[in-house]
Amino acid sequence: SHSFDQALCKDENVIMTEPFLNAAHDILPFLDSLGSTAFSPIKSDISGNIKKLRAWHEKDPENTHTLEKLLQKEIDADTTTASGSATDALLWLKRALSFICAFMREVMKGYTPSTAASTAYGETLCSFHNFFVRQIFNVAMKVCPSRERFLSLLNPDNIEDSLLLAQMEIYTADLTKAIHVLNKFYSDNQLDQ
């Protein structure tokens with residue numbers, strides 16, 4: 001299993017490309033634990049953006065070993081807004097990860113997955129989606145499993161809920177740090193338009 005902590009290069013405040021993409025890929029089974037095919041578009045979107053970023057990275061791994069260097073190549077080439085750009089793929093990936101992070105924080109506060117998803121969606125993705133996509137999310141949020149079922153799906157080893165929630169807290173903290181680094185880079189370079 002990969003973690004976002006492994007992707008953070010703390011002394012340089014940058015994110016290593018390969019470890020970050022591996023950690024993001026490890027989130028895909030988490031979406032399955034929400035138990036609804038309504039979340040399959042989110043899973044597909046995350047997976048597609050990871051594939052795009054891997055493809056860009058594999059073209060020049062030596063000079064794109066951090067996400068910042070990968071995006072800097074596009075900034076220098078003035079291709080950040082080109083169709084299929086790494087900049088756009090990472091923008092949508094970080095938005096999806098922000099949703100997952102906000103969702104997990106709400107679950108850790110004790111809310112049901114349905115309520116947590118609704119709150120997280122309103123805080124993160126809703127403003128970027130059109131009416132049609134918002135309706136799909138509304139349906140997906142209504143068919144989330146109960147809190148007990150959700151926690152059991154996340155917990156195949158059957159550890160105590162308090163330990164599971166502690167692991168979620170560490171994971172969410174690491175993901176939050178990575179998102180913060182990415183948000184700062186996007187903001188500093190005016191890429192989140």
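The sulfur of Cys126 is 16 Å from the closest cysteine sulfur, that of Cys144, which is too far for a bond. A disulfide is a covalent bond between the sulfur atoms of two cysteines; here the term denotes a pair of cysteine sulfur atoms within 2.5 Å. By this criterion the structure holds zero disulfides. Cys126 counts as partly exposed, at 24% relative accessibility, whereas Cys9 counts as buried, at 18%. Buried denotes a relative accessible area under 20%, exposed one over 50%, and partly exposed a value in between, computed with a 1.4 Å probe and protein chains only.

The model is predicted, so that local features need a pLDDT of at least 70 and side-chain atom pairs count only at pLDDT 80 or more, whereas totals for chains, interfaces and linings use all residues. Residues are numbered from 1 along each chain as its sequence is written, and side-chain values use heavy atoms, with hydrogens and water left out.

The secondary structure of the chain comprises ten helices and two strands. Helices (H or I, at least four residues) and strands (E, at least two) are DSSP runs, numbered from the N terminus. Along the sequence these elements follow the pattern α-β-β-α-α-α-α-α-α-α-α-α. The radius of gyration of the chain is 17 Å, close to the 16 Å given by the globule rule for 193 residues, so the chain is as compact as a globular protein of that length. This radius is taken over C-alpha atoms, and the globule rule is 2.2 Å times the number of residues to the power 0.38. The C-alpha trace spans about 50 × 40 × 25 Å along its principal axes.

Of the 193 residues, 46% count as buried. The chain exposes about 9900 Å², of which carbon and sulfur atoms supply 53%; accessible areas come from the Shrake-Rupley method with a 1.4 Å probe, and for residues only the protein chains shown count as cover. Among contacts (heavy atoms within 4.5 Å) with a separation of 6 or more, 65% are accounted for by residues 24 or more positions apart.

Thr64 is placed in the loop between α4 (40-59) and α5 (67-77). With a relative accessible area of 1%, Thr64 is buried. Its side chain makes a polar contact with the side chain of His57 at 2.8 Å, and a polar atom of the Thr64 side chain lies 2.7 Å from the backbone oxygen of Asp60. A polar contact is a pair of N or O atoms within 3.5 Å; within protein, one must be able to donate a hydrogen and the other to accept it, and residues adjacent in sequence count only if both atoms are side-chain atoms. Leaving aside neighbours within four places in sequence, Thr64 is in contact with Thr17, His57, Lys69, Leu70 and Lys73.

Lys73 is found in helix α5 and is partly exposed, with a relative accessible area of 39%. Beyond its neighbours within four places in sequence, Lys73 is in contact with Asp60, Asn63 and Thr64. The C-alpha atoms of Lys73 and Asn63 are 8.5 Å apart in space, the two residues being ten apart in sequence.

Leu71 also belongs to helix α5, and is buried, with a relative accessible area of 1%. Apart from neighbours within four places in sequence, its contacts are Ala86, Thr87, Leu90, Phe185, Tyr186 and Leu191. The C-alpha atoms of Leu71 and Thr87 are separated by 5.9 Å, although these residues are 16 apart along the chain.

Phe185 and Tyr186 are among the buried residues of α10, which also include Leu164, Leu165, Met168, Asp174 and Ile179. At 1.5 Å a residue, the 28 residues of helix α10 (residues 161-188) should span 40 Å, which agrees with the 40 Å between its end C-alpha atoms. The expected span is 1.5 Å times one less than the number of residues in the helix.

Most residues other than glycine have a negative phi. Asp78, in the loop between α5 and α6 (86-108), has a positive phi near 55°. This residue is exposed, with a relative accessible area of 67%. Gln190, in the segment after α10, has a positive phi near 50° and counts as exposed at 60% relative accessibility.
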